[in-house]
Structure formats: structure tokens, C-alpha cells
Amino acid sequence: MKRPVFAAADAAALKARYAGHFAPWPAGRTANALLVLALGGIALYGLDRLGFTFERIFLGLDKLGWLFTFMLPPDPGTHAFTFVHALGETLAISFLGTFLAALVGFPLGFMAARNILPNWIAHFVIRRSLDTLRGIDILVWALIFINVVGLGPFAGILALAVNDTGTFGKLFSEAIEASDRKPAEGIRSTGGRRLHEIRFGFLPTVFPVMLSQVLYYFESNTRSATIIGIV
């Protein structure tokens, strides 16, 4: 198959129409290239200052294998029941914390979405409150609730729930704002109320996204619950 041959006039027309693509290296690209080089230089400098070398990694691989030999074969000994109980407790903390956070974050997500609650004052207050909840680390929340409810899994559940409420509220609101508004507009055109728009217009579109985010954080919170259990 022969390639089409463009005349000089066609090439000139293309250059005139898309001048930005045929222009010399623009200042914006130069700035981006310099930014990438600067970030790369900072990264290399940081690795050097922190003593990161591939030589130390390769020399330590045999020690890593030596540590794995203590794990194989697994031998719980007389502590098997204790380990199973602790594992179940960790899963329970993760599940209940994530579940409570999803329940509270669900309505807050709708209230924090601009296309649901157009009042900018209420929107600002809710968004900043969510930022505060997720801005405090889970370990800090755990230490706070230990002083409130005492030691035990209940403090870990509350720590996960409070921190993830802020995260779910933000993620849910962003999913709602990015959703297709045509179903809600169709419901409004037929005389539906605001609650009808949310229930039948927005919710069917964003609920699968919300569910996937909740499941992901349940997996992530299982790891976090291990550390919280130590606290």
C-alpha cells in the first residue's frame, strides 16, 4: 500500500493550522524538562544522603533469606489458638471499622458534593471537617480512644471508623461530582423531587464505585488493624 504524497501546499497548510506542533521547543516544554531534571537531582541527592546503595541491598540478600528460614515450615507450637483468635480479632476490627465508616461517610459524601449541596458555606464546613478527620493518623486516633474507652478492640474500631469516615466522605463526594448528570436531569424533567434524583439518578451510577472503594479499604484496614492491635 502506497503512502499518500502530500504537496508542499498541504504541508504548509498543516503547519499553519497546527503551528504549535511544528514550532521549535517551546518554553513550557523546557520548563517541564528542567523540572523533571531538578526532581531527579533531588531524588538522587536524597538517596545519597540516606545511604541508599544497591551494593548494600545485594550484600543483605543472604540475611533476608536467613530470616525466611525461620518462617518455614510454620510452627505455631502451643500458641495456635492464640494466633487464630488474634487473626479473627484483627479481621473483626477491620470489618467493623470500615463498615461504620462507610455508613457515616455515605451521607456525608452526598452532602460534600457540589452538585448535591450547592451551598458553599455548608460545603466548605463539611469538606474541611472531612479533611480534619482523615488528616489525623490512625495511630493518633487509637491513642485518643484508648483514653476514652480504654484498652481493647473497641478503641481500634473507633480509630479506623473515624479516620476512614473522612476518607470515604471525600472519595464518595468526588465520585458523585464526576458522575453523569443526565439521569438526574431526566428524573427532574418528569417532575421528580431532589431525593428522587439522588436515589434513582446519582446512586445507581456511583454505588459500584463506592462499593469498590469500601472493599479496597477493608483490605487496607486489615493491615492497619494489625498495627492498631499492637497499640
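I began with Phe168 and found it buried, its relative accessible area being 0%, where buried means under 20%, exposed over 50% and partly exposed in between, with a 1.4 Å probe and protein chains only. I note that this is a predicted model, in which local features need pLDDT of at least 70 and side-chain atom pairs count only at pLDDT 80 or more, while totals for chains, interfaces and linings use all residues. Residues are numbered from 1 along each chain as its sequence is written, and side-chain values use heavy atoms, leaving out hydrogens and water.

Next I looked up the ring partners of Phe168, taking rings of Phe, Tyr and Trp (its six-membered ring) as paired if their centres lie within 6.5 Å, with planes under 30 degrees apart stacked, over 60 edge-to-face and the rest tilted. Phe168 and Tyr217 pair edge-to-face, at 5.4 Å centre to centre and 75° between the planes. Phe168 lies in helix α8 and Tyr217 in helix α10 (residues 194-230), so this pair ties together parts 49 residues apart in sequence; helices are DSSP runs (H or I, at least four residues), as strands are (E, at least two), numbered from the N terminus.

I then turned to the nonpolar cores, sets of buried Ala, Val, Leu, Ile, Met, Phe, Trp, Tyr and Cys residues joined through side-chain atoms within 4.5 Å. The largest has 15 residues, and Phe168 and Phe202 are among those with the most contacts inside it. Helix α10 gives the most to this core, with six residues.
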